[in-house]
Amino acid sequence: MTATNDARTPVNGPTAHTTAARPAGSAGGADEPHGPHGPHVPHGPHGPAGAGGSAPDHLAVLAGMYQAEARYLAAGGPGKAHFALLAPYFAPDVVLHQADALPYGGVWRGHDGLQRFFLAMSGTWESFAMVEQRFLAVGDPVVVLTQVRARVRATGRELGFPILQTIGFRDGRIAEVRPFYWDTAAIARACTPVGAAAEAPARPAGARRPAQGPA
């Protein structure tokens with residue numbers, strides 16, 4: 001889940017999506033052409049799907065969110081564009097879980113939490129490109145495996161890594177997102193300027209970051 005106002009390679013929203021293969025079981029193979037902001041999945045023209053809870057409804061919510069995200073980024077992204085473009089696709093009490101070891105780690109709650117998360121992601125990554133994405137399950141939760149190629153804003157370092165995400169839904173909206181990174185320590189090292197690690201105080205063993213946003 002990510003977003004940056006860098007116009008060259010946008011970092012996307014909570015589902016961390018820029019380019020994607022078709023969902024498993026849909027027509028066509030994983031290598032078919034697809035758009036720049038999300039998979040070609042069935043969706044209606046009027047925003048989130050209803051509260052039916054079916055897999056097509058969930059994919060429709062994601063497809064609508066990807067389109068709204070494209071408009072959000074085109075309008076300037078975090079700190080410039082209005083979150084109202086994305087708000088209809090996320091439950092008011094949506095929860096995003098990010099690994100504590102990441103620069104933007106912690107639990108981000110609600111629409112306010114997501115907006116602060118987007119700013120934190122934009123501050124961390126100069127680019128965050130999804131080079132491949134596969135839907136491994138399309139029920140509830142949706143499970144997505146994404147291969148990422150990213151550049152750190154503070155250090156200029158580039159790295160590639162996979163992210164496995166589970167995306168839960170409630171009443172036709174995204175309610176919970178859990179990204180699982182393959183190696184959070186490698187990402188933290190890449191994001192740390194030379195010499196900064198030695199100067200930074202160590203976090204006490206077992207300490208967790210506070211939740212971001214209203215409980």
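# A guided tour from R178

Begin by selecting R178, a partly exposed residue with 34% relative accessibility. Here, buried means under 20% relative accessible area, exposed means over 50%, and partly exposed lies in between, with a 1.4 Å probe and only protein chains considered. The model is predicted: local features require pLDDT of at least 70, side-chain atom pairs count only at pLDDT 80 or more, and totals for chains, interfaces and linings use all residues. Residues are numbered from 1 along each chain as its sequence is written, and side-chain values use heavy atoms, with hydrogens and water left out.

**Stop 1: a salt bridge at R178**

E176 and R178 form a salt bridge, their closest N and O atoms being 3.4 Å apart. A salt bridge is a side-chain nitrogen of Lys or Arg within 4 Å of a carboxyl oxygen of Asp or Glu. E176 is partly exposed, at 32% relative accessibility.

**Stop 2: the whole chain**

Now display the chain as a cartoon. Its secondary structure comprises four helices and six strands, in the sequence pattern α-β-β-α-β-β-β-β-α-α. Helices (H or I, at least four residues) and strands (E, at least two) are DSSP runs, numbered from the N terminus. Of the 215 residues in the chain, 46% are buried.

**Stop 3: the sheet**

Colour the strands. Six of them form an open sheet in the order β2-β1-β6-β5-β4-β3, with mixed pairing. Its edge strands, β2 (106-109) and β3 (125-138), each pair on one side only. On average, neighbouring strands of the sheet are turned by 20° against each other, direction ignored. Such angles run from 0 to 180 degrees between N-to-C directions, and the axes are lines fitted to C-alpha atoms, for helices over the stretch in contact. Two strands pair if DSSP finds at least two bridges between them. Strands of a sheet pair through backbone hydrogen bonds, either parallel or antiparallel.

**Stop 4: strand β1 and its neighbours**

Is β1 largely enclosed or open? Seven of its nine residues are buried, so β1 is largely enclosed by the rest of the structure. β1 pairs with β6 in the parallel sense over three bridges, whereas four bridges join β1 to β2, and these two run antiparallel.

Select L96 next. Its bridge partner in β6 is V177, and its bridge partner in β2 is W108. The C-alpha atoms of L96 and W108 are separated by 5.0 Å, although the two residues are 12 apart along the chain. W108 is buried, with a relative accessible area of 6%.

Then show helix α2 (residues 110-124). This helix lies across β1 (90-98), β2, β3 and β4, and runs at about 40° to β1. Contact means heavy atoms within 4.5 Å.

**Stop 5: a link from β1 to β5**

Which residue meets the side chain of D93 in a salt bridge? The partner is R170, at 2.4 Å from N to O. This pair links distant parts of the chain, with D93 in strand β1 and R170 in strand β5, 77 residues apart. Both ends are partly exposed: D93 has a relative accessible area of 43%, and R170 has 37% relative accessibility.

Follow β5 onward to D171, in the loop between β5 and β6. D171 has a positive phi of about 55° although it is not a glycine. D171 is exposed, with a relative accessible area of 61%.

**Stop 6**

Select R134 in strand β3. R134 forms a salt bridge with E132, the closest N and O atoms being 2.8 Å apart. R134 and T146 are 12 residues apart in sequence and 6.5 Å apart in space, from C-alpha to C-alpha.

Between β3 and β4, find P141 in the loop. A cis peptide bond joins D140 and P141, with omega at about 10°. The bridge partner of A150 in β5 is L159. Select also E126, R151 and E158, which are linked in a network of salt bridges.

**Stop 7: a surface patch**

Finally, show the surface around L136, L164 and F180. These residues form a nonpolar patch with about 270 Å² of accessible area together. Patches are made of residues with over 30% relative accessible area and no salt bridge; like charges are joined within 9 Å, and nonpolar side chains (Val, Leu, Ile, Met, Phe, Trp, Tyr) within 5 Å. Accessible areas come from the Shrake-Rupley method with a 1.4 Å probe; for residues, only the protein chains shown count as cover. F180 is placed in strand β6 (residues 173-181) and is partly exposed, at 45% relative accessibility.
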